[in-house]
Amino acid sequence: GSGGCLYVYTKEQMQEVRTMLSKVNPYREEQLKPARLILSSIWDAEEDKQGRILLPEYLRKYAKIVKDVVVIKGPNCIEIWAKEIWESYFEEVNFASLADAFDALKQNV
C-alpha cells in the first residue's frame, strides 16, 4: 500500500487487480515495474486455529511492523499500519490541503 501500509483486499478485488495487471504492456518498463512489485507482494491470508492471521516477514518488514498495528477501513480496502508509522503520518497535517483535496473529490463525484 501507499504511505507504508499494507492493503487487504477481498478475493474478488484481488481478481480485479490481477485482471488489470494482466493487461500491462511487457515492453513498457514504467508499467511492468509496478506490476511486478504488486504481483510479487500478493499473499493469500489464512487463519490459524485461534482465528489470527499471521503476516509473512517480508510484508511486516515492508510496513515496518514490529509490535503494535492500527487497522483501518480505507477508501477501497482494509489498511494495516505499524502504529508508529500511522501516528507519524498525520503529524504535520495541513488542513487547507485536506480541504482542497475534499473539494476536488466533490467535483469528481
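Is Lys106 buried or exposed? At 61% relative accessibility, Lys106 counts as exposed, where exposed means over 50% relative accessible area, buried means under 20%, and partly exposed lies in between (1.4 Å probe, protein chains only). The structure is a predicted model, in which local features need pLDDT of at least 70 and side-chain atom pairs count only at pLDDT 80 or more, while totals for chains, interfaces and linings use all residues. Residues are numbered from 1 along each chain as its sequence is written, and side-chain values use heavy atoms, with hydrogens and water left out. The helices (H or I, at least four residues) and strands (E, at least two) named below are DSSP runs, numbered from the N terminus.

**Helix 1**

- Helix 1 covers residues 11–21, and its buried residues are Met14, Val17 and Leu21.
- An α-helix has 3.6 residues a turn, so residues three or four places apart point the same way.
- Glu12, Glu16 and Met20 are exposed on the other side of helix 1.
- Helix 2 (29–41) is included in what covers the buried residues of helix 1.

- Three strands form an open sheet with the order 1-3-2 and antiparallel pairing; two strands pair if DSSP finds at least two bridges between them.
- Strand 1 (6–8) and strand 2 (69–73) stand at the edges with a single partner strand each, so one side of each has no neighbour in the sheet.
- Neighbouring strands of this sheet are turned by 25° against each other on average, direction ignored; the axes are lines fitted to C-alpha atoms, for helices over the stretch in contact, and angles run from 0 to 180 degrees between N-to-C directions.
- Strand 1 and strand 3 run antiparallel and are joined by 3 bridges, and the bridge partner of Leu6 in strand 3 is Ile80.
- Strand 2 and strand 3 (residues 78–82) also run antiparallel, with 5 bridges between them.
- Val69 has Ala82 as its bridge partner in strand 3, and Val70 stands opposite Trp81 in that strand.
- A hairpin of 4 residues joins strand 2 to strand 3.
- Strand 3 is largely enclosed by the rest of the structure, because 4 of its 5 residues are buried.

**Nonpolar cores**

- A nonpolar core is a set of buried Ala, Val, Leu, Ile, Met, Phe, Trp, Tyr and Cys residues joined through side-chain atoms within 4.5 Å.
- The largest such core has 7 residues, namely Leu6, Leu55, Leu59, Ala63, Ile65, Ile80 and Ala82.
- Ile80 touches Cys5, Leu6, Val8, Ile65, Val69, Val70 and Val71, not counting residues up to four places away in sequence; contact means heavy atoms within 4.5 Å.

- Arg60 belongs to helix 3 (residues 57–62) and is partly exposed, with a relative accessible area of 34%.
- Leaving aside neighbours within four places in sequence, Arg60 is in contact with Leu55 and Ile65.
- Arg60 and Ala82 are 22 residues apart along the chain, and their C-alpha atoms are separated by 8.6 Å.
- Lys64 lies in the loop between helix 3 and strand 2 and has a positive phi of about 55° although it is not a glycine.
- At 56% relative accessibility, Lys64 counts as exposed.

**Salt bridges**

- Side chains of opposite charge can pair when their charged atoms come close.
- The count comes to 3 salt bridges, a salt bridge being a side-chain nitrogen of Lys or Arg within 4 Å of a carboxyl oxygen of Asp or Glu.
- Glu30 and Arg28 meet through their side chains in a salt bridge (4.0 Å, N to O); Glu30 is exposed at 55% relative accessibility, whereas Arg28 is partly exposed at 42%.
- Asp48 forms a salt bridge with Arg52, with the closest N and O atoms 2.8 Å apart; Asp48 is partly exposed at 24%, and Arg52 is partly exposed at 45%.
- Asp103 and Lys106 form a salt bridge through their side chains (3.6 Å, N to O).
- Both Asp103 and Lys106 lie in helix 5 (residues 95–108), 3 residues apart, about one turn of the helix.
- Asp103 is partly exposed, with a relative accessible area of 36%.
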